[in-house]
There are 2 protein chains.
Amino acid sequence: MPQTLPENSVGIVSPQRLQFDQALTLACGETLQSYELMVETYGELNADGRNAVLICHALSGDHHAAGYHNKDDKRPGWWDAYIGPGKAIDTNKFFVVALNNLGGCNGSSGPTSINPETGRAWGKSFPRLRVRDWVESQARLADRLGIQQWAAIIGGSLGGMQAMRWALEYPERVRHCVVIASAMKLTAQNIAFNETARQAILADPRFREGDYLAESTYPKSGLSVARMIGHITYLSNDAMGEKFGREVRSGSFERGIDDAVEFQVESYLRHQGDVFSEKFDANTYLLMTKALDYFDLAREYGDDPEKAFADAQCRFLVVSFTTDWRFAPERSKEIVNALIGANKPVSYAEIPSNFGHDAFLLPNERYEKVFTNYMNTIDISPEKKQ
Amino acid sequence: MPQTLPENSVGIVSPQRLQFDQALTLACGETLQSYELMVETYGELNADGRNAVLICHALSGDHHAAGYHNKDDKRPGWWDAYIGPGKAIDTNKFFVVALNNLGGCNGSSGPTSINPETGRAWGKSFPRLRVRDWVESQARLADRLGIQQWAAIIGGSLGGMQAMRWALEYPERVRHCVVIASAMKLTAQNIAFNETARQAILADPRFREGDYLAESTYPKSGLSVARMIGHITYLSNDAMGEKFGREVRSGSFERGIDDAVEFQVESYLRHQGDVFSEKFDANTYLLMTKALDYFDLAREYGDDPEKAFADAQCRFLVVSFTTDWRFAPERSKEIVNALIGANKPVSYAEIPSNFGHDAFLLPNERYEKVFTNYMNTIDISPEKKQ
């Protein structure tokens with residue numbers, strides 16, 4: 001944490017673990033008899049409960065979206081740039097709820113947590129999840145928190161998929177849906193990158209077919225390569241060029257001594273892979289990428305996205321970034337076109353950025369303005385009685 | 001091989017292994033006391049030796065560029081679409097030379113061949129190579145074959161880098177330089193993909209720090225993942241979408257039975273990785289990708305590509321493909337601009353194609369016409385005496 005807490009920070013926050021004992025039947029057919037969700041909240045729920053905002057996280061996110069856990073924290077939560085007093089998601093106005101999704105590895109029930117029925121870690125036996133399962137668990141979280149209707153559900157990437165699914169599954173419980181750098185379904189190339197990352201994990205002999213926890217080993221190398229693959233696709237070609245170019249970190253190009261030439265981009269990527277593989281769970285990675293691949297908003301609506309959105313009752317903000325090639329602006333425009341076709345109110349912004357898919361996490365003046373201005377339009381005053 | 005040999009095929013061809021006993025000092029400072037090159041030739045060298053064409057291969061190519069090795073061959077050589085009687089590289093006109101580069105794993109001296117000094121396989125001890133080392137070994141091959149000057153040197157991708165390096169190192173020995181889907185240097189993103197592929201190999205415990213041959217094991221999984229990474233980048237997003245979409249190969253999306261859902265693109269990629277990992281050598285893969293990364297045409301010319309090309313004496317044809325994002329048209333335009341700046345004769349074509357980087361290997365009418373028309377301009381008549 002910085003020596004002085006920034007004025008626009010939500011400050012020191014404490015996550016809470018909530019226990020749910022009502023059985024949850026999942027899309028795959030299996031049932032979780034009970035489960036826990038790790039949650040953080042920022043701001044205060046108003047008297048009518050009309051100011052609640054749900055933050056849905058992406059592949060590797062968690063419940064710690066803003067603020068600091070203690071004064072020694074070096075970094076704030078993952079979306080601190082956009083959550084806090086006076087920020088786009090203004091905690092003076094909104095009651096913000098962030099959670100670690102089911103299947104995650106940061107405190108919610110997932111492969112690394114204990115299966116209460118066996119007393120041992122779930123590991124590879126944790127059930128497959130779909131985006132709709134997260135929506136269901138988030139709906140129960142809303143019930144628990146006394147939130148009948150979200151003022152807004154907001155997510156980037158895989159988080160945007162959850163926000164859209166909410167609008168379809170619980171149309172009466174969402175007033176605004178903010179979908180950032182997302183898509184109605186992955187492209188074959190997206191799936192191909194995910195599958196290659198999964199193969200890197202599966203190929204690591206320390207993966208032990210998913211039983212690494214029971215066997216006290218860990219597929220660190222495989223997960224590290226998986227993250228490297230992902231990381232390249234989150235950055236734009238331009239951003240990598242600007243950040244690293246062909247700068248050499250060690251060694252020299254001169255004849256005779258090039259054995260040790262290493263480009264900065266190589267050591268950067270290896271470092272990213274290393275760090276990630278030390279804090280993330282491999283089974284969770286497999287589970288999350290599969291949920292991404294399976295997501296197909298309009299599949300059950302005859303592959304017609306206009307039909308899919310037909311019953312949505314909320315307003316939409318859709319945002320994309322010019323150099324995002326993993327979730328390209330074209331994917332966002334498909335969402336926008338479907339919403340227009342379905343006669344739903346939608347605002348769209350394509351934000352110029354050099355930072356590829358990662359841009360949704362990073363400070364960007366135009367993005368901030370678009371986001372803030374939209375959030376300012378949200379009415380949180382008491383519902384008018386008829 | 002098809003039941004009937006196609007009329008425009010070079011037919012049944014036999015590779016030959018040529019031994020070179022003149023020591024070759026490499027860019028890295030090490031010296032190969034002797035080495036072998038695996039070579040195929042198509043057509044006949046004319047009396048003046050003015051009709052010789054050198055084919056430089058890319059990352060995973062070899063000497064078998066055209067025709068069939070025997071009547072049971074299912075597929076012809078890797079560039080059969082463009083080499084043969086009446087084809088772009090017309091073997092009725094040209095004497096075509098294709099080789100497996102030094103460091104390869106298809107018969108030329110490389111990590112899988114025997115180090116004559118130790119009597120054991122080179123393995124990881126095979127020296128690091130640069131593109132200029134290939135040019136040097138190819139120049140000696142030209143000497144051996146009695147070729148003073150190539151009518152043309154032609155290559156795609158890493159092969160194009162060799163063709164350009166030839167034009168700089170031996171300007172008097174090249175009349176035409178055909179550079180297809182190539183670049184003067186890799187981008188940071190290119191290097192990042194290569195490094196991730198290398199890490200997948202290095203992370204495989206069966207790699208044994210490169211000593212897998214001596215230890216009778218093989219990093220098949222690692223090499224397979226490496227190839228999957230590469231393969232995604234050789235295809236365009238569009239081509240993958242058209243070829244696979246989100247078609248499911250096995251399993252079903254219906255609730256309750258999605259455990260086995262597998263997309264076609266997944267099984268396709270795994271198959272590609274599997275096949276490749278069974279026929280290619282992991283140390284060669286590391287060596288070839290490093291040569292790609294190190295290549296930087298203008299580095300020794302003060303990073304000024306115009307200076308680099310200043311002494312070139314040949315004409316150039318540069319070709320790129322619209323959807324190639326690994327070696328994007330922008331990279332080819334940089335070559336063209338440098339050549340124009342250096343007052344060199346250059347033709348350029350950007351070919352519409354959906355097939356990404358792979359397009360340089362595939363039939364394409366416009367590409368074929370551009371290529372054929374250019375090759376038709378090459379004069380192979382006896383040099384006029386002054």
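A:Arg208 is partly exposed, as 17 other C-beta atoms lie within 10 Å; on this scale a residue is buried with 20 or more other C-beta atoms within 10 Å of its own, exposed with 12 or fewer, and partly exposed in between, the C-beta atoms being placed from the backbone. A:Arg208 is found in the loop between helix H3 (188-202) and helix H4 (220-234) of chain A, where helices (H or I, at least four residues) and strands (E, at least two) are DSSP runs numbered from the N terminus. Its phi is near 45°, a positive value in a residue other than glycine.

The structure is a predicted model, in which local features need pLDDT of at least 70, side-chain atom pairs count only at pLDDT 80 or more, and totals for chains, interfaces and linings use all residues. Residues are numbered from 1 along each chain as its sequence is written, while chains are lettered from A and ligands numbered from 1 in the order in which they are written.

A second residue with positive phi is A:Ser157, where the angle is near 60°, again in a residue other than glycine. A:Ser157 sits in the loop between strand S11 (152-156) and helix H2 (158-169) of chain A. A:Ser157 is buried, with 27 other C-beta atoms within 10 Å. Helix H9 (residues 329-341) of chain A holds A:Gly341, which is partly exposed, with 14 other C-beta atoms within 10 Å.

Chain A is assigned two domains, domain 1 (16-185 + 296-376) and domain 2 (192-289), with bounds that come from an automatic or database domain assignment. Taken over C-alpha atoms, the centres of these two domains of chain A are separated by 26 Å. To their contact, domain 1 of chain A gives 23 residues and domain 2 of chain A gives 19 residues, two residues being in contact if their C-beta atoms, placed from the backbone, lie within 7 Å. The domain 1 side of this contact in chain A has 8 nonpolar, 10 polar and 5 charged residues; here Ala, Val, Leu, Ile, Met, Phe, Trp, Tyr, Cys and Pro count as nonpolar, Asp, Glu, Lys and Arg as charged, and the others, Gly among them, as polar.

The two chains can be compared next. In the interface, 45 residues of chain B are in contact with 45 residues of chain A. On the side of chain B that touches chain A, the largest share, 9 residues, comes from H3(B). That side of chain B has 21 nonpolar, 11 polar and 13 charged residues. Because 100% of the interface residues of chain B are also interface residues in chain A, the copies meet through the same surface.

In H7(B), 13 of the 13 residues are buried, so this helix is largely enclosed by the rest of the structure.

In the largest nonpolar core, of 234 residues, those with the most contacts inside it are A:Val53, A:Cys177, B:Val53 and B:Cys177. Such a core is a set of buried Ala, Val, Leu, Ile, Met, Phe, Trp, Tyr and Cys residues joined through C-beta atoms within 7 Å.
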